[in-house]
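Hello,

Have a look at it first, and then read on for what I found.

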Amino acid sequence: MLHLFLAERNHFMLSRYLPVFIILSLIAEILGTVGGFGSSVFFVPVANYFLDFQSVLGVTALFHLSSNVTKIAFFKKGFDKNLVLYLGIPAIIFVFLGGILSTYFEGYWLTIALGIFLIILSAVFLINKNLVLTESRHNALIGGALSGFFAGILGTGGAIRGITMSAFKMNKAKFIATSAIIDLGIDFTRSFVYYYNGYIHNHDLYLIPILIIVSILGTYAGKKLLDRISQEQFRTGVLVLIFLIGVITLLAKLLPS
């Protein structure tokens with residue numbers, strides 16, 4: 001009963017502040033494109049202000065589907081087939097597991113663990129710029145499994161995939177195309193799980209056409225920004241964004257509201 005009350009209250013709040021929600025979603029899509037790991041790491045915190053947690057998961061999955069199709073269209077010059085296979089398959093398997101488990105956990109401690117993990121790992125690679133992960137099946141499998149699990153249970157796991165791929169020092173076009181293909185498989189899988197869990201609500205579906213337009217405009221703007229930065233600036237930017245995401249994720253849970 002309480003969940004239904006909160007959902008109705010948040011739905012009213014969203015309809016009242018829809019222009020603000022659209023602008024923030026556009027910024028999230030631009031940053032997600034520039035970072036190369038998708039908009040959910042920015043969109044989920046934004047959506048949490050307007051929607052209940054379950055609605056956030058459902059809307060994020062559907063928004064991300066259109067977002068990744070757009071990215072594949074804009075960055076179609078090539079992708080890393082090995083990473084799609086070795087990072088993508090465990091990601092799809094574990095997003096299914098995370099999506100199922102999302103019905104049993106509020107995600108408080110998992111979110112804190114994610115924030116700490118992102119801060120430490122991004123800081124290590126920012127401090128030691130010559131540090132490179134071996135482009136091995138083992139590292140890809142671990143990165144894929146972790147990104148898929150957190151995407152399923154918290155709605156966002158792209159930062160983990162981003163830091164894995166950033167450590168491999170891929171060029172920016174291949175980075176974004178590869179990430180988008182993997183993310184497409186993740187979002188397709190979790191959309192079915194969230195629908196089964198009842199997270200995709202009819203009163204939220206009007207947002208999908210709006211967010212499709214946002215994904216196209218945001219990806220286009222992000223691509224234009226990427227054309228103006230170097231490969232090294234791109235990699236550093238990805239790590240800085242991930243570090244900030246970790247800090248914001250941690251503070252949002254630890255500081256009193």
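**Around threonine 156**

Setting aside neighbours within four places in sequence, threonine 156 is in contact with Ser40, Val41, Val44, Leu114, Phe150, Ala151 and Arg190. Please keep in mind that this is a predicted model. Threonine 156 sits in the loop between α8 (137-154) and α9 (158-167). Is threonine 156 buried or exposed? With a relative accessible area of 12%, threonine 156 is buried, because buried means under 20%.

**Around threonine 60**

The other threonine I looked at is threonine 60, which lies in helix α4 (residues 53-74). Its relative accessibility is 1%, so threonine 60 counts as buried. Which residues does threonine 60 touch, leaving aside neighbours within four places in sequence? They are Ser40, Phe43, Val44, Gly155 and Arg190. Ser40, Val44 and Arg190 are in the contact lists of both threonine 60 and threonine 156.

**Helix α2**

Helix α2 covers residues 18-35, which makes 18 residues. From its first C-alpha to its last, α2 reaches 25 Å, close to the 26 Å expected at 1.5 Å a residue. The buried residues in α2 are Leu18, Phe21, Ser25, Ala28, Glu29, Gly32, Thr33, Val34 and Gly35. After α2 comes glycine 36, with a positive phi near 90°.

**The chain as a whole**

Along the principal axes, its C-alpha atoms fill a box of roughly 55 × 35 × 35 Å.

Of the 257 residues, 51% count as buried. Among contacts between residues at least 6 apart in sequence, 88% join residues at least 24 apart. The chain exposes about 12,300 Å², and carbon and sulfur atoms supply 72% of that area. As for charge, the chain carries 18 positive and 11 negative charges, and their mean positions are 10 Å apart.

Enjoy exploring it!

Best wishes

Conventions
Residues numbered from 1 in each chain as written. Predicted model: local features only at pLDDT ≥ 70, side-chain atom pairs only at ≥ 80, totals over all residues. Heavy atoms only, no water. Helix = DSSP H or I, 4+ residues; strand = E, 2+ residues; numbered from the N terminus. Buried < 20%, exposed > 50% of the residue type's maximum accessible area, 1.4 Å probe, protein only. Contact = heavy atoms within 4.5 Å. Areas by Shrake-Rupley, 256 points an atom, 1.4 Å probe, with all protein chains shown as cover. Lys, Arg positive; Asp, Glu negative; His and termini not counted. Charge placed at Lys NZ, Arg CZ, Asp CG, Glu CD. Expected span 1.5 Å × (residues − 1).
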